[in-house]
Amino acid sequence: MRIHHLNCGSMSMGAIAHCLLVETRAGLVLVDTGFGLDCVRNPGKLLGPSRFVVGAKPAEHETAIRQIQALGYDPADVRHIILTHLDFDHAGGLSDFPQAVVHVHGPEFRAATASRATSERIRYRAAEWSHGPRWMVNEFEGGEPWFGFRAVRDLPGLPPEILVVPLPGHTRGHVGVAVDHGNGWLLHAGDAFYLDSEIDPVNPRTPWLWRLLELSAISAGTYRENQRRLVELNREHGGEITIFCSHDPHAFAQLTGTAVRPTP
């Protein structure tokens, strides 16, 4: 199973949108989409005023579809998209892959499409899925735990080496995506934390500026509890699992062996 790390969106403070492209027997699988072509062409509609808060810098060459083409693949070969959650910097490229099945956790889907909470109506951009994605909503249906976490396994159409790990807090239905690559696991933890220093197994710490971003969490208590559990996971199983988040450019550089060049 070959895995490509993609930066699909530059933001202020050097933050990125770390996505995965996974080659499987079922075709290409994309974990999050980052910003898409519509975000570049019409940022006001697709991203809304929140783009100024994160300093979004959508660029066509950073979109998943253009990077997939640069790798020599046909974007139509992206058969599945797994979303950590539906914030605009994670789902902004859905319309670039209209034939893909989009896997999303049930609490997230309902929060984004039917929630009456003001904070959730503000954060989600329905324009990003106005094309009518082929949703595949996953719920807990038993299954073995994963390193002490509850996990959703056997996602329809996907190999058993890929599963989702619910990590609510940032949003109601936020998840991590775990991939068994043969020599261990990768855990894409989405926005469960922002910098790798936050899950340092010896001295976890969060710079004050990033603490401000954590104020956007739907449930601060659940967010902090899951962060604590990720620190423990890293401490006890760091040799088996590589944990990273969506926005840390340093972790991206370590995983790819390349530096991230901010978009002007």
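**Notebook: strands, helices and salt bridges**

I began with S6 and S7, which run parallel and are joined by five bridges. In this pairing, Val101 stands opposite Arg134 in S7. I note the conventions here: helices (H or I, at least four residues) and strands (E, at least two) are DSSP runs, numbered from the N terminus, and two strands pair if DSSP finds at least two bridges between them.

The model is predicted, so local features need pLDDT of at least 70 and side-chain atom pairs count only at pLDDT 80 or more, whereas totals for chains, interfaces and linings use all residues. Residues are numbered from 1 along each chain as its sequence is written, and side-chain values use heavy atoms, with hydrogens and water left out.

**Entry 1: the six-stranded sheet**

I looked up the sheet that holds S6 and S7. It is an open sheet of six strands in the order S1-S2-S3-S5-S6-S7, with mixed pairing. Strand S1 (2-7) and S7 are the edge strands, and each pairs on one side only. The twist from one strand to the next averages 20°; for angles, axes are lines fitted to C-alpha atoms, for helices over the stretch in contact, and values run from 0 to 180 degrees between N-to-C directions.

I then followed S3 (residues 27-31). Strand S2 (residues 18-24) pairs with S3 in the antiparallel sense over five bridges, and a hairpin of two residues joins S2 to S3. Thr24 stands opposite Gly27 in S3. With strand S5 (residues 78-82), S3 runs parallel, and four bridges join them; Val31 stands opposite Ile82 in S5. Strand S3 is mostly covered, as five of its five residues are buried. Here buried means under 20% relative accessible area, exposed over 50%, and partly exposed in between (1.4 Å probe, protein chains only).

**Entry 2: helix H6**

In H6 (residues 106-114), the residues Gly106, Glu108, Ala111 and Ala112 are buried. The buried residues of H6 pack against strand S6 (101-105), H7 and strand S7 (134-138), contact meaning heavy atoms within 4.5 Å.

**Entry 3: the four-stranded sheet**

I found an open sheet of four strands in the order S8-S9-S10-S11, again with mixed pairing. Strand S8 (162-166) and strand S11 (241-244) stand at the edges with a single partner strand each, so one side of each is left without a neighbour in the sheet. Neighbouring strands of this sheet are turned by 20° against each other on average, direction ignored. Strand S9 (residues 175-180) and strand S10 (residues 185-188) pair in the antiparallel sense over four bridges, and Ala178 stands opposite Leu187 in S10. Helix H9 (residues 220-237) lies across S10 and S11, running at about 150° to S11.

**Entry 4: salt bridges**

How many salt bridges does the structure hold? I recorded seven; each is a side-chain nitrogen of Lys or Arg within 4 Å of a carboxyl oxygen of Asp or Glu.

I examined Glu120 and Arg172, whose side chains meet in a salt bridge (3.0 Å, N to O). This pair links distant parts of the chain: Glu120 is in helix H7 (residues 118-123) and Arg172 in the loop between S8 and S9, 52 residues apart. Glu120 is buried at 1% relative accessible area, whereas Arg172 is partly exposed at 44%.

Glu225, Arg228 and Glu232 are linked in a network of salt bridges.

I also noted Arg79, which forms a salt bridge with Asp77, the closest N and O atoms being 3.8 Å apart. Arg79 is partly exposed at 42% relative accessible area, and Asp77 is partly exposed at 30%.
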